[in-house]
Each structure stands twice: as C-alpha cells, then as structure tokens.
Amino acid sequence: MRLILSALLILIIATAVGLGATWTTVTRGTDFGTLTIGAWTARPRIGTPEANPYARASVIRSGQLPLGTGDGIAFIANADDNRQPLDGRCDISISGVTPPARFWTLTLYDNKGHLVANALQRYGFTSEEIVRNADGSFVIRLAARARSGNWLPTGGIERYQLMLRLYDTPVGIGTRTQRDAPMPTITRTGCP
Amino acid sequence: MIRWLAILLAGLLLGGLVHLVSILALPRIASQDAYSRLERLTPVNAVKALPSADPNNAPIPFLDPAFATAICRYDLSTGPIKLTVPVSQAYTSVSFYTDSDIAYYAINDRSAGRKVIELDLMTEEQHAALPEDEEITAADRLIVDSPTTEGLIVLKALASDPGLMAHAQATLAAATCKVQTEAPAKADAPRAQR
C-alpha cells in the first residue's frame, strides 16, 4: 500500500513539474539562442532547421510561421527601454535608426499576435512610408489618440507588442551588439 | 524523512524527463500550429492567396500586414513541384516550411537575381534519382530539397505603402506551383500537368 502511494506521489510530482516547466518555457520563452538589443529580442536561428526545441515548441504553440533566414529577421518588444510593459493607454515613442536592411516593417500586435483594430486601419509602418528627419532618423508615436507625425494607433488596449522585421538584411546569426544592429529606442513619454 | 526525500527526488527526475519528452513531442501533437491552420484553408499543390491581414480575421497570427501573402501547400508524393513567382516592384520572397513549421529555405528577389523566381522543389530521393546529365543542364535552375514530403511554400510581396497592395496581390496571383510529370530539366517547355 505504501509502495503504491509513493509511486503515485512520484508520478504526480513528475507530471506537475514536467508539464509546468514545459508550459512556462513555451509561453514565456527561454533565453537560449536569443539576441537582445535594447528592448528588442530576436531568435536568429528560428528561421533555420537548427532552431532549438524550445524555440520550435513556442513557434508551434503560437501558430506563427517564423521568418526564414534568407528572408529576414524579426525583433519583438513587449516592454520599453525601462522594462515597463507596453501599455496602449500611454504615449510611447520609438526613435532612432534601424539596422541595415533593404526594407523593414514595424507592426503592432496584441498578446496573441492579432492586429489591433483602429479607424485608420493602420497596423504599422514600412521603411518606405515613414516620415524621417533630415539625418534619416525617425520618431514613431504610439498612442490611443491621434498624434502629429508618424502616429501608430494602439486602440487603447492594455498590453501590446511590437514586431520590427528586417527584410534582406545582414543582421542574423553573427549579430551580437547594438553596434552591428542599432535598434531604435522605446520610451514612455506620458501616461494618463 | 529519507523516504519523502527519495519520493521528491524521484518525482523531480521523472519530471525532468516528462518536460523533455513533452517539449520534443509538442510539434507532433499540436493542432493549432500554422501548418494545421493553413491545411484547412488551402488546396494542395496550388497557389492560394491569403486574405489581407485584418484584426478580426487572420488565418495565422503575426502575419505582416504590409505584405500580400499566398500559400502553396505541397505534397511531393506524386512528383517534384515547379514553382514560378514573378517579382513585384518592392520586395518579393519565397520561404519553405516543413509540415512541422520549420523554415528550411528562403530566397528573395535579389538573391534569385531575376524577374521571375523559378525553382524546382523535390524530396532528397527525387533529387538523387535525377539523371546526372540532366542535372548539369539544370545548373542554372534552382533545385530545393524538401526534408519532408509535405510542407508549405509562402510567397510574399511587399506593398511598401498601402496603395501598392493591389499590385502586390496581382503579382502573386500570377505565381504558379504545379506538380511536374516531366523531368525537371525539360521543364522550360510548358508546365505539363496530367
């Protein structure tokens, strides 16, 4: 009887620990093979067959198709430079320059990867349509209500994430630091 | 006391095993992954345009709304596939995924270096079975080996501003993805499908 009880207990612990660890790593992600520059994180190997099992599992769970390495690389941010989560009710600005790439796009998604509805039907910017300063840098202003310049509507949702995709770019597996890939800063400028 | 410690330790060890097995098994048991979602929406061995990204109706999450996207879901069991994709004004790319969403190859218009991206997709066995001399004539053709018999080809054309979306969609509408019954080297002739 005691043996059966012990075995049962072992199995319960094993299931809880094992599946708990799987759930946590798949939903929150792991740091294996990630490249973090400022507030932005990419997984350079996710677009290759060498992607690690954790990266593959999180791709499968989210339902997305990762960018192939010959196509480009995707950086994601869900917090600003001060590690505060991106809140659609606040004013947030993205400014600076982007790494070398033939084209880039910046897109705003909710936590599940859906676009956020807004009257303008603007879900992001491409490198071609953005209004730049004379030196080539830019400022994108994220807010629920209209702002001057490059305004990206947040729809006022509580949490969102940004994806910066670089297409046809040298940024990838060999990239390590801000110097190889100067990512724009994300700063909260105001919050009601 | 020792007994409880032993139970805890055994539980943790076995838990580690459960964790590893479940991580590795996840790709096989998932039903909401991109391939499973697109399998319901797309025909096999034909190009199907995905509806433009929309907050209420996205076939898969994290699609880039600046792109027109089309899918060719392939099954190589009846023979290699010949893919032709005309290049749009801004940027066009073709990415290949296995049936478990692994990106194994991607090419863009510039690396293809032509007005039309043309390539043959086949399994490694089909590639090995190609007559050798024909493979030399085929040297200027791009041959891609698929690690799996089934998978996805994702065709994307950038609309660098929203006004160009119709053009990007029209470019992809002219793309073809067909099983070729002829030897691939002779495929310059009409894309025969019997």
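**Before you start**

Residues are numbered from 1 along each chain as its sequence is written, chains are lettered from A and ligands are numbered from 1 in the order in which they are written. Because the model is predicted, local features need pLDDT of at least 70 and side-chain atom pairs count only at pLDDT 80 or more, while totals for chains, interfaces and linings use all residues.

**Stop 1: colour by confidence**

Colour everything by pLDDT, the predictor's confidence in each residue, from 0 to 100. Chain B has a mean pLDDT of 86, and 89% of its residues reach 70 or more. For the complex, the predictor gives an ipTM of 0.88 and a pTM of 0.87. Now select residues 184–194 of chain B, where pLDDT stays under 50. The model has 21 contacts for this stretch beyond four places in sequence; a contact here means two C-beta atoms, placed from the backbone, within 7 Å. Where pLDDT is low, the predicted coordinates should not be read in detail.

**Stop 2: chain A as a whole**

Show chain A as a cartoon and you will find two helices and ten strands. Helices (H or I, at least four residues) and strands (E, at least two) are DSSP runs, numbered from the N terminus. Along the sequence, their pattern is α-β-β-α-β-β-β-β-β-β-β-β. The C-alpha atoms of chain A fill a box of roughly 80 × 40 × 25 Å along the principal axes. Of its 192 residues, 39% count as buried. Buried means 20 or more other C-beta atoms within 10 Å of a residue's own, exposed means 12 or fewer, and partly exposed is in between, with C-beta atoms placed from the backbone. Among contacts in chain A between residues at least 6 apart in sequence, 69% join residues at least 24 apart.

**Stop 3: helix α1 of chain A**

Select residues 2–28 of chain A, which form helix α1. This helix has 27 residues and reaches 38 Å from its first C-alpha to its last, close to the 39 Å expected at 1.5 Å a residue (the expected span is 1.5 Å times one less than the number of residues). Highlight A:Ile10, A:Ile13, A:Ala14, A:Val17, A:Gly18, A:Thr22 and A:Val26, which are buried. An α-helix has 3.6 residues a turn, so residues three or four places apart point the same way. What covers the buried residues of α1(A)? The cover includes α2 of chain A together with α1 (2–29) of chain B. Just after α1(A), look for A:Gly29, with a positive phi of about 85 degrees.

**Stop 4: A:Ala57**

Move to A:Ala57, in helix α2 (residues 53–62) of chain A. Why does A:Ala57 count as buried? Because 23 other C-beta atoms lie within 10 Å of A:Ala57. Leaving aside neighbours within four places in sequence, A:Ala57 is in contact with A:Val26, B:Ile23, B:Leu26 and B:Pro27.

**Stop 5: where the chains meet**

Select the contacts between the chains: 50 residues of chain B touch 51 residues of chain A. On the chain B side, α1, α2 (34–41), β4 (92–98), β5 (103–108), α3 (109–112) and β8 (150–158) each supply at least two residues. Helix α1(B) gives the most, with 16 residues.

**Stop 6**

Of its 194 residues, 42% count as buried. Chain B is divided into domain 1 (1–30) and domain 2 (34–191), with bounds from an automatic or database domain assignment. Their C-alpha centres lie 41 Å apart.

Next, pick B:Ile153 and B:Leu155, which touch the most other members of the largest nonpolar core, a set of 91 residues. A nonpolar core is a set of buried Ala, Val, Leu, Ile, Met, Phe, Trp, Tyr and Cys residues joined through C-beta atoms within 7 Å. Around B:Leu155, beyond four places in sequence, the contacts are B:Val47, B:Ala70, B:Val85, B:Val94, B:Leu172 and B:Ala175.

**Last stop: B:Ser95**

Finish at B:Ser95, in strand β4 of chain B. B:Ser95 is buried, with 24 other C-beta atoms within 10 Å. Not counting residues up to four places away in sequence, B:Ser95 touches A:Gly68, A:Asp71, B:Ala103, B:Ala106 and B:Val154. B:Ser95 and B:Leu155 are 60 residues apart in sequence and 6.7 Å apart in space, C-alpha to C-alpha.
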